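Trainee: Could you walk me through this model and show me how to read its features?

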Amino acid sequence: MVKKEKRKSKIQGIIYGTAIGDGLGYPTEFKTMDEIFAKWGKDGIQEPEGNPILVTDDTQMGIYTYWAIKDYLEEIGEEKDNPDVLTQHIDKRFREWYHDPENNRAPGMTCLTSIERIMKGNRWQEGTNRNSKGCGANMRVTFLPLFCLRDSGLKFGRLASWVKLQAAITHAHPTALVASELTAIAVYKLATEDWSPETLLKELKRHCRNNGGYYDQRYLGDLWEFSNAESRYTYLERGVEECLAAIERVEQALLTPDYSTDPCLQTGAGWIAEEALATALLCFLLYPDDAVACLRRAANSSGDSDSIACIAGALSGAWLGVKAFPKDWVERIEYGTTFEEMIAYCNITDPEIQRKQSHENQYMAFFDLNAKVSFEGVDIEISEAEIRRLINRGNSFNWHGEGDPTSQLVERTVRFARRKWGAKLPRAKIIEMAAKILRQSPDRIESSLDWTANYMAWHEGGSPEEFHPYPKEKE
Ligand SMILES: [Mg+2]
């Protein structure tokens, strides 16, 4: 794994490379080379158009697929597996994509029709397009390696099963599943620099042979039974073969590198998954050190230009980092806010801080940040920073269940308010303030304080009075 700063740049590179490639290829999709040259001149399209630069369904589906995995990890935690829950999250996010008003950028029919059948109540294994290996399956996976690249990242082996599942829900041809895994691992391994442009194709073939055929029954269930395969062990064999053949065509093409004619002539038009990957690999390997040249090569193509360029952009960004793309393009690309959130999510410094932050946010939810008490014409408030400090003081709150502010949280809030205003305010106002901020009644605050006093007296030995956080008689 590369160092942190470099890794951050690669994470950004994957995200922006995907989107910029998609945006550069958007105007050239469905155009022949002659039409491209007629419109943009003899070198074809050079710059992404518009401000913002619009992306297509590739990036949009990529975002929704990324969100599905993120939702899943947030629900069940990083260490557990629950295939049903993962499937529900993917299903939910695909439906949201389907209904997204911005989903008007030539979305693929296979994705739409599969989701429609699932929305009608079919199990996904029945609703999916069994014979489709359209590149919709893998154009949307380039963001998924981010889950392996972030701090406390996943092992790729786990992600691989999820990548195959998300493909299978809309495209159940075995090649769609295998090509999706290969697309994801190529991006991932270039980012970690375990693979380089020199070793990429050899390593991809090795991974394809060793892992491509793995059918994770927990996630895919009985999918194979809807095919002609004899068993789940052989279901993916055809995918492995077709992907190996596609990668071999890239190796052949690179023996006599061609920097000018349509790249689709050598490795395919990219409407199907293994060709979108192969032609993207070709464009990347023609220009492994030049992301802009790679993207231009990919976008100036007769086939599925936006999908080829979005995968090529992810490969380039994974290898070279975000600096490889013109700053102006990065700034102009659509969905910038979403991308910055994704980058922030990937860069939480370490698991301990992450755990603390989620703990902190859980307790923050008890507080009403707008709570105010007035006394003699003055508004008394407590700031968010003060609340965060009081939450983080001392040990964690683990005495009670987590559905209620614990007695410790009440105690700390009261002690804090007393310290801050006790000299100027009557006790009743301090309790009122604590009650408002914790969204409780003053009576509940009092009874929680009494509980603490009794508990401490029992625990430590002594009288409740001496342990009471704010005894009434001292008023
Ligand atoms: Mg598209």
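This is a predicted model: local features need pLDDT of at least 70, side-chain atom pairs count only at pLDDT 80 or more; totals for chains, interfaces and linings use all residues.

Trainee: Which residues of helix α5 are the buried ones?

Mentor: In α5 (residues 109-119) they are Thr110, Cys111, Ser114, Ile115 and Ile118. They lie on the same side of α5, because they cover an arc of only 120° around the axis. After α5 comes Gly121, with a positive phi near 110°.

Trainee: How do I describe a pair of packed helices?

Mentor: The general idea is that two packed helices are described by the angle between their axes and the distance between the axes. Here, take α1 (residues 4-25) and α3: their axes come within 8 Å and cross at roughly 150°. Angles over 145 degrees count as roughly antiparallel, so α1 is roughly antiparallel to α3.

Trainee: Which residues of α1 and α3 meet?

Mentor: Thr18, Ala19 and Asp22 in α1 meet Asp58, Thr59 and Gly62 in α3.

Trainee: Now zoom out, please. What does the secondary structure of the chain come to?

Mentor: The chain has 26 helices and 2 strands. Its C-alpha atoms fill a box of roughly 90 × 50 × 40 Å along the principal axes. Of its 475 residues, 46% count as buried. Among contacts with a separation of 6 or more, 73% are between residues 24 or more positions apart.

Trainee: Which domains does the domain assignment of the chain give?

Mentor: The assignment gives domain 1 (4-346) and domain 2 (351-474). The C-alpha centres of domain 1 and domain 2 lie 50 Å apart.

Trainee: And the nonpolar cores: how many residues has the largest one?

Mentor: The largest nonpolar core has 113 residues, and Ala280, Ala312 and Leu315 have the most contacts inside it. Helix α10 (residues 174-192) gives the most to this core, with 12 residues. A second, separate core has 22 residues, including Val373, Ile382, Phe416 and Ala434.

Trainee: What is Ala312 in contact with, leaving aside its neighbours within four places in sequence?

Mentor: Ala312 is then in contact with Gly21, Ala280, Cys283, Phe284, Cys294, Leu295 and Ala298.

Trainee: Let us turn to the backbone. Where is a cis peptide bond found?

Mentor: Look at Asn51 and Pro52, which are joined by a cis peptide bond with omega about 5°. Pro52 lies in the loop between α2 (33-40) and α3 (57-76).

Trainee: Which residue has a positive phi of about 50° although it is not a glycine?

Mentor: That is Glu376, found in the loop between β1 (373-375) and β2 (378-380). A further case is Arg439, also not a glycine, with a positive phi of about 60°. Arg439 lies in the loop between α24 (427-437) and α25 (442-460).

Definitions and conventions: Residues are numbered from 1 along each chain as its sequence is written. Helices (H or I, at least four residues) and strands (E, at least two) are DSSP runs, numbered from the N terminus. A residue is buried if 20 or more other C-beta atoms lie within 10 Å of its own, exposed if 12 or fewer, and partly exposed in between; C-beta atoms are placed from the backbone. Two residues are in contact if their C-beta atoms, placed from the backbone, lie within 7 Å. Domain bounds come from an automatic or database domain assignment. The arc is that of the directions from the helix axis to the C-beta atoms. A nonpolar core is a set of buried Ala, Val, Leu, Ile, Met, Phe, Trp, Tyr and Cys residues joined through C-beta atoms within 7 Å. Axes are lines fitted to C-alpha atoms, for helices over the stretch in contact, and angles run from 0 to 180 degrees between N-to-C directions. Angles under 35 degrees count as roughly parallel, over 145 as roughly antiparallel, 65 to 115 as roughly perpendicular and the rest as oblique.
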